[in-house]
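Dear colleague,

I am handing over the structure below, together with my notes on it.

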Amino acid sequence: RCRPAVWVMHKREVIAAARRVFLEGSKLCRREWKHLNAASRRASVGLSVRCFHAVTSASATSDAGSSGQLKISVGGIAPLADGGAVASIGNNLVLVAVAGGDRVVRGKHATPLHVDVREKGSARGKIPSTFSRREMQLTDSELLSSIKVEKAIRSLFPAGYYYDVSVTSSVLSADGDRDMDVLHINAASAALMASDIPWAGPVAAVRVVLKAGEWIVNPTWEEMAGSDVNILYAGTPSCPTYVEVRSEKAPRGLIEEGIERAAEATSAVLDSQLRLFDAEQFGSAEKRFLPSIVPSKLAIAIGELAAKEQLDSFLSSSASLTPKERMKAMREIEALIINEVRARLFGVGEATSREVLRRATRKHLCKTGTRLDGRRIDERRPLSGSTAVLPNVVHGSSVMGRGATQVAANVTLGIADDRKSAETILGEPQLASFMVHSEEQPFSTNSFGTSFKRDRSDLFDGYMAEASLLPSLPLIDFGEAYEEAMARPLVAPSAAENEVDSSKIDDNSESRSVFPHVIRVCVDPISSDGAAEVLSVTAGSAALFDAGVPMQGPVVGTSVALLTGSDVDSDEDKVCFKGSSLALGDDEEEEDVDVVPSVKGVNMKEVVAASMQARANRPFVDVSRVLLDRYAGESNGEEDVERRAMLTSNDYFLLTDPSMLEEDSADAVVSVYGASDGVNALFFETIRNEPVTLAVVHKMVERATNELEGVTDELLQICPAPRSHVAPNVPVSDYYLIDQPARRTIIGRGGETVKAIVNESGAKLSAKENGILVVSGSNENRAKARDMCIELLSGGEGGGGKGKDQADSKTFLRSLAIAKEHRSAIIGRGGRRVQKMEEDTRCSISIDNDIVTIKGNNEDNVRSALAAVQAIVDAETPKERLPAGMEVEGTVKAVYDFGAVITSGDGSTGLLHFSSVQLTKDDKKKLGRSRLDMTSLLSEGERVCVTVEGYDAKGKLKFKTNSLSLRP
């Protein structure tokens, strides 16, 4: 598609050559190999892709809707890269640079494209809050933007282009008022157009929202808030490549209207890019590449011949096989094809095996109207599953299956402190109260690989599920208004009054009930045979029902795949080689080869655009009805006779609920999420370089939305309604009104008291400046923390107001902050010291990290225990260091053979080592060569004068002396 020359040869020559190579076991003759080599050389020259490359700078502007002007500049930007561009709207600037490799990446069946989006804090005028004060790994926001750019541009690379392509987008400036995805995609398109990389662009992206009955193009964040429909659209002049729709139970007609409006809005951006690259100041550069699919038709023919018997047997019996047996049979066929093709042709087996299976699947489907698992093209696999599959320790769980695809989901409910905080380029960190995380392991497809790694596809699957489930969830609010509304006086409940249980949800609000929990949904595909991301939403909805989340209704998903006949041979006498020429036969037969020569100075961007437009303008014919009739064994008379067993390039059909092999064979896929009353989300993407018109997209959306009602009924049979309450072990937050003196009392000196309450009760406490005390935890922990706060305010230093008879029955609580090195001194050897203090004071003493908590029924005993602990801390706390050379008088506390422990008058304790004792000459003669034993110099309790020698590396005091003499 990205070439000025198309090499054509007769199909019978390909089959004849394949038969000679495979069946007869002969090698190609010298004349054939000579002709092949010459053709390859001509192909490598004729396939030189000519496209614009900036030698000077130029720019173009277009209307960007309510955001003002979209400006795209190329030239003079990243001059060593293959292409570079800057796109801007207002104060938002994005730089994109692309680089292409020069060597083929082996083992690939698609262009190895890598996209990275980087949002630096400097673009917002901020320094990152990380420890190193620099940007670390890519954030979720950056990864999601990278995925969207990749989906918008990937399908436009030519078949067989297996060279590395890197697209890097950096945000240079951002005012935080607009979405940056539109700029990333438009700048990436301009950079690829400015490069010499073969690419069938340009692509334009816009975002449109419906608010107050009016469509707004490229809105600000303020305009996006509260919108009914939000659409991100990316496409070429002839077809969309990526569409993302987020809404709240929107009807299908409204979504189709928005997609049409977005497609119209892209025309101005596309015109500006085309005008930009039609400028005279741009020269041309050549990019030569030899597609890695050479010689594709010959390789496919060999592969089909090599596995003909196995393919026929597999296709005829596939409907009776189990999914695991079907996968095993396909892998055996793939291995056979790879071995045969590698032995004869240049090692292109991997791509050939996929193509052979794909073509065989399409042929079987078109001849019989039956899919590999025996379904009709409009038939979905039945939904099965159950909820509450895990113990009640898990707040909610489910397992859903559709055919061989199976997804396990679980829900965890938390409190306000569990919200996800993500620092983005938009300004202040965003707090997310609802999260969906997806993680597909290699074993789900019986493959090998690294488990539990961060995968981009898993991140995007979680993003799709989150967008689908969020509109049907209750309102999750932790704002000050909600806290003030829920707050009540801090008093113990009366005997006749039931304790207020915050886990009971108030469903009497006007629209959406308020749910006081953070929600995290984990969806893990444990078996993947197609449409796993769609089933993840259904499983997540069932798990939310099991967790007791009061959803407005179930949310389900369905997907539809599009298959066309553009790359499949018809009964015509000729076949087209994509990207190369191969004529097999004698020299005199070369006249039969149709060669379109390369023309010097051909504008490949115009050639590619014209080719895509011509293919998009062809009359598409939906043959779904014909295939359904064939499945039923019926005949359409003349129409069925006219339809060949193989699709033509104008035919297409839709597959509901595609399997894994059908997804790999598809040209485009649309996933729709919602329920029978409307659509919550929609995602469309083209997979192969095949234009899909908006009319076909609308048919795909219609088919998918019609399936939502049936899937909803299936889910309601498994879980009819959400539970009436959440699990008893779900943490809940209670809100109490307190005044400022009470707040200071609960916090304590340096937070000592609140830490002690948290350690004792197991609940979380937060005494806010607005006079609200938040107590979070399980029912038992919250009640214990609340009672401790009430007792503290009633009988403690900050309380008062209770009689003596009442105070005697209260529990008094005191806490003390200590250093970690004092912990062992307080506990003592074997815990004897702390046990003795508990016996003497009749109090309970607990130590948690750096907090000592003392609890007792008598205030005097509590104070005595606190004083005893304080005395130990004071004794272990280092005193002010004594200056070296200072003479002090101390008492010998202990005597050992190597030294004596001496305590000075100010309480400082140090060691007098035998090496620091200076003896007289007479004593040295008496001692001789024997080591000095300190027991011969000192005894316990003896007073001695010593000199401060200094402190060692651990801060311990050392003494020395010259006033001692040996005892007789």
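What follows goes from the chain as a whole to its confidence, its strands, its salt bridges and a few single residues.

The model is a predicted one, and its chain holds 26 helices and 39 strands. Of the 968 residues, 52% count as buried, while the chain exposes about 44,000 Å², of which carbon and sulfur atoms supply 49%. Among the contacts between residues at least 6 apart in sequence, 74% join residues that are at least 24 apart.

On confidence, the chain averages a pLDDT of 75, and 72% of the residues score at least 70. Among the elements of the chain, the highest mean pLDDT, 94, belongs to strand β11 (residues 229-235), and the lowest, 28, to strand β23 (residues 574-577). Over residues 635-646 the pLDDT is below 50, and this stretch has 20 contacts in the model beyond near neighbours in sequence. Residues 796-809 also have a pLDDT below 50, with 13 contacts in the model counted beyond near neighbours in sequence.

Turning to the strands, β5 (residues 83-89) and β6 (residues 92-104) pair in the antiparallel sense over seven bridges, and within this pairing A85 stands opposite V96 of β6. The two strands form a hairpin with two residues between them, and in the turn G90 has a positive phi of about 65°. Strand β6 is also joined to strand β8 (residues 163-173), with which it runs antiparallel over nine bridges; here the bridge partner of A97 is T168 in β8.

Elsewhere, four strands form an open sheet of mixed pairing, in the order β20-β29-β31-β30. Strands β20 (488-489) and β30 (764-767) stand at the edges, each with a single partner strand, so one side of each is left without a neighbour in the sheet. The pairing of β30 with β31 (residues 772-777) is antiparallel and runs over four bridges, with A767 having L773 of β31 as its bridge partner.

In the pair formed by K148 and E244, the side chains meet at 3.6 Å, N to O. This pair links distant parts of the chain, since K148 lies in helix α3 (residues 140-153) and E244 in strand β12 (residues 240-250), 96 residues apart. Both K148 and E244 are buried, and the two belong to a network of salt bridges that also links D179, D181 and R207.

The second pair is R782 with D734, whose closest N and O atoms are 2.8 Å apart. R782 is in helix α21 (residues 779-795) and D734 in strand β29 (residues 732-737), so that the pair links parts of the chain 48 residues apart. R782 is buried, as is D734, and β29 is one of the strands of the open sheet described above.

R814 counts as buried because its relative accessibility is 12%, which is under the 20% limit, whereas E859, at 25%, counts as partly exposed.

One is E707 in helix α18 (residues 694-718), which is buried with a relative accessible area of 11%. Leaving aside its neighbours within four places in sequence, E707 is in contact with D378, R380, T558 and T656. The other is on the surface, where Y896, F898 and L911 form a nonpolar patch with about 250 Å² of accessible area together. Of these residues, L911 is found in strand β37 (residues 909-917) and counts as partly exposed because its relative accessibility is 30%.

With best regards

Key
Residues numbered from 1 in each chain as written. Predicted model: local features only at pLDDT ≥ 70, side-chain atom pairs only at ≥ 80, totals over all residues. Heavy atoms only, no water. Patch = residues over 30% accessible without salt bridge, like charges linked within 9 Å, V, L, I, M, F, W, Y side chains within 5 Å. Areas by Shrake-Rupley, 256 points an atom, 1.4 Å probe, with all protein chains shown as cover. Salt bridge = Lys/Arg side-chain N within 4 Å of Asp/Glu carboxyl O. Buried < 20%, exposed > 50% of the residue type's maximum accessible area, 1.4 Å probe, protein only. Contact = heavy atoms within 4.5 Å. Pairing = 2+ DSSP bridges. pLDDT = per-residue confidence, 0-100.
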